[in-house]
Amino acid sequence: MADDTVGTDGGASTDGLPPGGPPPGSGEPDPSDSLRMFGAVVQALREHARLSREQFAPLVRFSRHTVASVEQGRRMPDPSFVERAEEALGNTGALRNAVRHIARRPGLAAWFRQWARLEALAITLYTYECRLIPGLLQTEAYARTLFTNQLPPLADDQIEAQWAARSERQRLLWERPNTAYSFILEEQLFLRRTGGVEVTRALMDHVLEVAELRNVEIQVMPLVREKHAGLDGPMQLLETPENRWFAYNEGQRGGLFISDPKEISVLQRRYARMRSQALTLEDSVSLLQRMRGAL
């Protein structure tokens, strides 16, 4: 069934996973896992404060049954619950940080929330794109150009929700300095001038600024390249803190979440080969600077 919310970086996407999450035995995290983890954190902090559920409930102004549902991972916590629980349990910031990874934010397709939760925890994230600038690197003007030209058309509130979700994801580049980000971008993505010259110029400035971050590597795949390991299309690879690898491939109307180590090994080898085929980090920056000056 089509979903009119955005996936990783582009337009409307369909659910690439069966209803209710990934298939049994796939090794992919169940969408309820993060709710249970959040609930366990609430319970641990409450018990550390030596509060029973009956004592804790009036502090957060929810019933004891609601507190139990949150702690057992059966209920999405209300924002006011999170804020009051923080105040009651010492304002550690743990709950505010944890809830960001489970919030059912509008603007993210149901199936992409699963990838977004992993993305927010990843210690390594590799991205190759040949269709459009990845969402983590987009400017607001570039993203809005994509949203407003989407078919079927999006309503204004949908566009606002999608940009809000995308800009929230982009904070990862600055908020997770110990995560290694690698991007391989086709030169043609800048030559297309999506949104016009001014939008493209601002986009290049932004990409060059991000490239200065110590935890980010950006390489450009030149327009002319006789050998190319990524001709099967875009890909994303990530490594979790437990050193598990997952991959994600997105098409026009669907996405594929991959956890099979054999399949991921193939994609890792292809990505490694592309890194050797793309321009070096220094040459990539130099090319973008020249292209920007030629606009």
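**A walk through a predicted chain**

In this chain, if we take the contacts whose separation is 6 or more, 72% of them are accounted for by residues 24 or more positions apart. Please keep in mind throughout that what I am showing you is a predicted model. The chain has 295 residues, and buried residues make up 48% of them, while its secondary structure consists of 13 helices and eight strands.

Let me begin with the sheet. It is an open sheet of six strands, and the order, read across, is S5-S4-S3-S6-S7-S8, with mixed pairing. Strand S5, which covers residues 216–221, and strand S8, which covers 255–258, are the edge strands, since each of them pairs on one side only. From one strand to the next, the twist averages 10 degrees. For anyone new to this, the strands of a sheet pair through backbone hydrogen bonds, and the pairing can be either parallel or antiparallel.

I would like to stay for a moment with strand S6, residues 235–239, which pairs with strand S3, residues 124–129, in the antiparallel sense over five bridges. Within that pairing, Tyr 128 has Met 235 of S6 as its bridge partner, and Thr 124 stands opposite Glu 239. S6 and S7 also run antiparallel, joined by four bridges, and here the bridge partner of Leu 238 is Phe 246 in S7. These two strands, S6 and S7, form a hairpin with five residues between them, and in the turn you will find Asn 243, which has a positive phi of about 65 degrees.

Is S6 covered on one face or on both faces? If you look at the structure, Met 235, Leu 237 and Glu 239 lie on one side and Gln 236 and Leu 238 on the other, and they are all buried, so that both faces are covered. Lying across the strands S3, S4, S5, S6, S7 and S8 is helix H12, residues 261–277, which runs at about 110 degrees to S6.

As a general point, nonpolar side chains in soluble globular proteins tend to be buried together. Here the largest nonpolar core has 35 residues, and those with the most contacts inside it are Phe 183 and Phe 190. Which helix gives the largest share of this core? That is helix H11, residues 197–210, which contributes six residues. If we set aside residues up to four places away in sequence, Phe 190 touches Ile 133, Leu 185, Thr 200, Leu 203, Met 204, Val 207, Leu 288 and Met 291. There is also a second, separate core of 15 residues, which includes Phe 62, Val 82, Leu 89 and Val 99.

Next, two pairs of helices. Helix H2, residues 53–60, packs with H3 at an angle of about 100 degrees, and their axes are 8 Å apart. Angles from 65 to 115 degrees count as roughly perpendicular, and H2 and H3 are therefore roughly perpendicular to each other. Where they meet, Arg 53, Glu 54, Phe 56, Ala 57 and Val 60 come from H2, and Arg 64, Val 67, Ala 68 and Glu 71 come from H3. Helix H3 spans residues 64–71 and is mostly covered, with six of its eight residues buried; among them are Thr 66, Ser 69 and Val 70. Just after H3 comes Gly 73, which takes a positive phi of about 75 degrees.

The second pair is helix H7, residues 140–148, and helix H8, residues 156–170, which pack at an angle of about 140 degrees with their axes 10 Å apart. H7 and H8 are therefore oblique to each other, and H7 passes H8 in a right-handed crossing. The residues of H7 that meet H8 include Ala 143, Leu 146 and Phe 147, and on the H8 side they include Ile 159, Trp 163 and Arg 166.

Is Leu 118 buried or exposed? Its relative accessible area is 12%, and because buried means under 20%, Leu 118 is buried. Leu 118 and His 101 are 17 residues apart in sequence, and in space they are 8.6 Å apart, C-alpha to C-alpha.

Definitions and conventions
Residues are numbered from 1 along each chain as its sequence is written. This is a predicted model: local features need pLDDT of at least 70, side-chain atom pairs count only at pLDDT 80 or more; totals for chains, interfaces and linings use all residues. Side-chain values use heavy atoms; hydrogens and water are left out. Two strands pair if DSSP finds at least two bridges between them. Axes are lines fitted to C-alpha atoms, for helices over the stretch in contact, and angles run from 0 to 180 degrees between N-to-C directions. Contact means heavy atoms within 4.5 Å. A nonpolar core is a set of buried Ala, Val, Leu, Ile, Met, Phe, Trp, Tyr and Cys residues joined through side-chain atoms within 4.5 Å. Buried means under 20% relative accessible area, exposed over 50%, partly exposed in between (1.4 Å probe, protein chains only). Angles under 35 degrees count as roughly parallel, over 145 as roughly antiparallel, 65 to 115 as roughly perpendicular and the rest as oblique. A crossing is left-handed if the near helix is turned anticlockwise from the far one by less than a right angle, and right-handed if clockwise.
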